[in-house]
Amino acid sequence: MTENPARHKLNPMLKLALDLGPLIVFFAANARFGIFAATGAFMVTIIAALAVSWVLTRHVAIMPVVTAIVVLVFGTLTLVLHDETFIKLKPTIIYTLFALTLLGGWLLDKPLLAIVFDAMFHLTDEGWRKLTLRWAAFFLVMAVVNEIVWRTQTTDFWVSFKLFGVVPLTFLFAALQVPLLTKYSIDKKN
């Protein structure tokens with residue numbers, strides 16, 4: 001019996017909900033109960049999002065797994081040591097890890113971004129190299145921005161910035177990559 005390949009793809013709106021859901025819960029819990037309760041809620045919802053993704057697709061992309069591991073480690077440190085610094089460092093560490101991983105793949109001429117995007121795009125080698133450099137630079141910039149925001153602003157501002165600053169900036173950056181995706185698409189070349 002063959003499996004239906006469509007079963008393994010999430011509806012784009014559900015995927016967005018699973019990606020943003022933990023962050024929205026983090027924001028809401030922080031507003032109502034504070035950073036420590038928000039951190040616990042974030043940890044629980046990120047595991048739940050991974051579980052739902054696994055149940056529906058029998059596959060979980062690498063970025064959410066790495067993010068979940070870092071959230072769990074730094075969330076645990078935040079709660080056990082009762083120090084919000086750890087959860088604030090989490091984005092900096094994730095962005096830096098992603099940037100260094102992408103740059104490492106770029107140096108080794110391995111299109112790691114193709115794995116991250118889970119075969120959503122089919123680009124030429126040059127397209128993958130350019131897109132990889134752009135995303136690596138974006139992640140490095142976001143690591144610096146996170147450091148500036150959490151070190152100079154209140155915790156509530158930082159939490160709000162994660163949802164209302166980082167998410168729109170990421171969507172904007174991704175949208176700005178459409179011309180590159182179009183120019184270097186293998187489908188366009190054929």
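Trainee: Which residues is T67 in contact with, leaving aside its neighbours within four places in sequence?

Mentor: T67 is in contact with I46, I94 and F98, where contact means heavy atoms within 4.5 Å. Before we go on, this is a predicted model, in which local features need pLDDT of at least 70, side-chain atom pairs count only at pLDDT 80 or more, and totals for chains, interfaces and linings use all residues. Residues are numbered from 1 along each chain as its sequence is written, and side-chain values use heavy atoms, with hydrogens and water left out.

Trainee: What makes T67 count as buried?

Mentor: Buried means under 20% relative accessible area, exposed means over 50%, and partly exposed is in between (1.4 Å probe, protein chains only). T67 has a relative accessible area of 17%, so T67 is buried.

Trainee: Where does T67 lie, and which residues there are buried?

Mentor: T67 lies in helix α3. Helices are DSSP runs of H or I with at least four residues, strands are runs of E with at least two, and both are numbered from the N terminus. The buried residues of α3 are T67, A68, V70, V71, F74, G75 and T78. Their cover includes α2 (35–57) and α4 (85–107).

Trainee: Why is T101 called partly exposed?

Mentor: T101 lies in helix α4. Its relative accessibility is 44%, so T101 counts as partly exposed.

Trainee: How do you know that α4 and α6 are roughly antiparallel?

Mentor: Their axes are 8 Å apart and they pack at an angle of about 160°. Axes are lines fitted to C-alpha atoms, for helices over the stretch in contact, and angles run from 0 to 180 degrees between N-to-C directions. Angles under 35 degrees count as roughly parallel, over 145 as roughly antiparallel, 65 to 115 as roughly perpendicular and the rest as oblique. Therefore α4 and α6 are roughly antiparallel to each other.

Trainee: What about α6 and α7: why are they called roughly antiparallel?

Mentor: Helix α6 (residues 125–152) and helix α7 (residues 155–176) have axes that cross at roughly 160° and come within 12 Å. The pair is therefore roughly antiparallel. Among the residues that meet are W135 and F138 in α6, with F157 and W158 in α7. The residues of this contact divide into 14 nonpolar, 2 polar and 1 charged. Here Ala, Val, Leu, Ile, Met, Phe, Trp, Tyr, Cys and Pro count as nonpolar, Asp, Glu, Lys and Arg as charged, and the others, Gly among them, as polar.
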